[in-house]
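Biologist: Please take one part of this model and go through it closely. Give the cut-offs as you go.

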Amino acid sequence: MEGKNNIVFPAETLDLVKKIIARYPEGKQKSALLPILHVAQAEWKWCSPEVMDYVASLLSIKPIEVYEVASFYTMFHLEPVGEHVIEYCRTGPCCLMGGVEVYDHLKKRLGVETGGTSTDGKFTVKEVECLAACGWGPVFQIREKFYMHLTKEKVDQIIDELGK
């Protein structure tokens with residue numbers, strides 16, 4: 001099945017997508033939207049309009065139904081991103097524990113503003129509402145890994161390690 005601009009899953013990935021869809025009752029294929037968006041983002045690194053249109057076609061739903069879901073969850077990237085996406089918590093508890101200073105240092109170190117990607121393409125910085133780690137702030141997340149009790153020094157160590 002071919003989408004716009006030749007967006008199409010490789011055969012092996014398409015088989016996985018079909019298995020995911022088959023988990024749900026007939027006529028309820030929209031239930032597979034979140035896992036398929038994860039698969040799509042893993043394949044193309046972000047959810048472009050063309051990718052979202054393709055996902056909609058696979059599920060026989062309207063593209064707007066995919067856009068609504070992808071734009072609601074911060075885990076889906078609607079713009080191209082760097083190799084490492086750093087999501088930092090901007091809520092009160094993290095800020096009270098020094099988050100503003102730490103996150104400002106992070107952005108200065110990478111030469112980006114929130115939403116930006118470093119010139120080397122390694123890092124994208126995103127602000128998120130809450131990472132549910134209020135007792136361990138300031139905190140940011142890269143993929144499934146949380147970095148807690150952040151300081152400027154810890155940020156520098158993390159950036160140095162991931163930037164290799």
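Modeller: Cys47 is buried, at 0% relative accessibility; buried stands for under 20% relative accessible area, exposed for over 50% and partly exposed for what lies in between, with a 1.4 Å probe and protein chains only. The model is predicted, so local features need pLDDT of at least 70 and side-chain atom pairs pLDDT 80 or more, while totals for chains, interfaces and linings use all residues. Residues are numbered from 1 along each chain as its sequence is written, and side-chain values use heavy atoms, without hydrogens or water.

A disulfide is counted when two cysteine sulfur atoms are within 2.5 Å, and by this rule there are zero. Cys89 is in no disulfide: the nearest cysteine sulfur belongs to Cys94 and is 3.7 Å away. Cys89 is buried too, with a relative accessible area of 2%.

Now the sheet. Strands are DSSP runs of E with at least two residues, helices runs of H or I with at least four, both numbered from the N terminus. Two strands pair if DSSP finds at least two bridges between them. Strand 1 (residues 84-89) runs parallel to strand 2, joined by six bridges; one of the residue pairs is Ile86 with Val125 of strand 2. Against strand 3 (residues 140-142), strand 1 pairs in the antiparallel sense over three bridges, and the partner of Tyr88 there is Phe140. The whole sheet is open and mixed, with four strands in the order 2-1-3-4. Strand 2 and strand 4 (145-147) are the edges: each has a single partner strand, so one side of each has no neighbour in the sheet. On average, neighbouring strands are turned by 25° against each other, direction ignored. For such angles, axes are lines fitted to C-alpha atoms, for helices over the stretch in contact, and the angle between N-to-C directions runs from 0 to 180 degrees.

Although strand 2 (residues 123-128) is at an edge, five of its six residues are buried. Helix 6 (residues 99-110) lies across strand 1, strand 2 and strand 3, at about 155° to strand 1. Helix 7 (residues 152-162) packs on the sheet and touches strand 1, strand 2, strand 3 and strand 4, its direction making about 10° with that of strand 3; contact here is heavy atoms within 4.5 Å.
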